[in-house]
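Student: Could you walk me through reading a fold?
Tutor: Gladly; let us look at it together.

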Amino acid sequence: MLGCKNKNRGHKVRPLKIVDIREAADAFRDLLEIRSPYLDIVKIYDFVLPQIDVTVDVCTEEELGENHGMTYPDTGVIKIREDVYRRAGEGKGRDRFTLSHEIGHLILHTGIALARGPDPSDHKPYEDSEWQANTFAAEFLMPVEHVCATRSIAEVAKRFGVSCDAARTRLEKLKQQGVLK
Ligand SMILES: [Zn+2]
């Protein structure tokens, strides 16, 4: 089980490179035959995930507490806090990112053995479950092929329905990786 708060560190998991996560996100887009830059993430939750035997459980704040979402990759269950789900439906970037993040856990973290009592200082970002799910969320919501056609943070935020922070981070990282000039 992977509970997702607003924190940077999760469990220690099998290391993954950015390119591997990008490939997984692109493959999932292909599988769903999504060609548009903008991803209707709530539609995926409502109609697509149930078709591939994923159970989406929208929970009260009482049930999930400070977790925005919680994913059980091995049983194919995603729990989302109802306020997060509602705001995602209204197009709020931060909450759309959370929904995409949970799909990242589902796809990347099936069958993994989670390290017990993780000490946040003892593993690298690329072997951290939260870093990996965040990386997936960015790749899934903002595919490289479409980001390449955009120029500014504001344009990325608008085109992909993400927060300005997420758009800025995406552009910075792609420049660091030499994908964008
Ligand atoms: Zn998470």
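**Contacts and overall fold**

Tutor: Among contacts in the protein chain between residues at least 6 apart in sequence, 68% join residues at least 24 apart. Two residues are in contact if their C-beta atoms, placed from the backbone, lie within 7 Å. A word on the source: this is a predicted model, where local features need pLDDT of at least 70 and side-chain atom pairs count only at pLDDT 80 or more, while totals for chains, interfaces and linings use all residues. Residues are numbered from 1 along each chain as its sequence is written.

Student: Which elements make up the protein chain, and in what order do they run?
Tutor: Helices (H or I, at least four residues) and strands (E, at least two) are DSSP runs, numbered from the N terminus. Here there are 9 helices and 4 strands, in the order β-α-α-β-α-β-β-α-α-α-α-α-α from the N terminus.

Student: How do I read strand pairing?
Tutor: Two strands pair if DSSP finds at least two bridges between them. Strand E3 (residues 69–72) runs antiparallel to E1 (residues 2–4), with 3 bridges joining them; Gly-3 has Met-70 of E3 as its bridge partner. E3 also runs antiparallel to E4 (residues 77–81), through 4 bridges, and Gly-69 is partnered by Ile-80 in E4.
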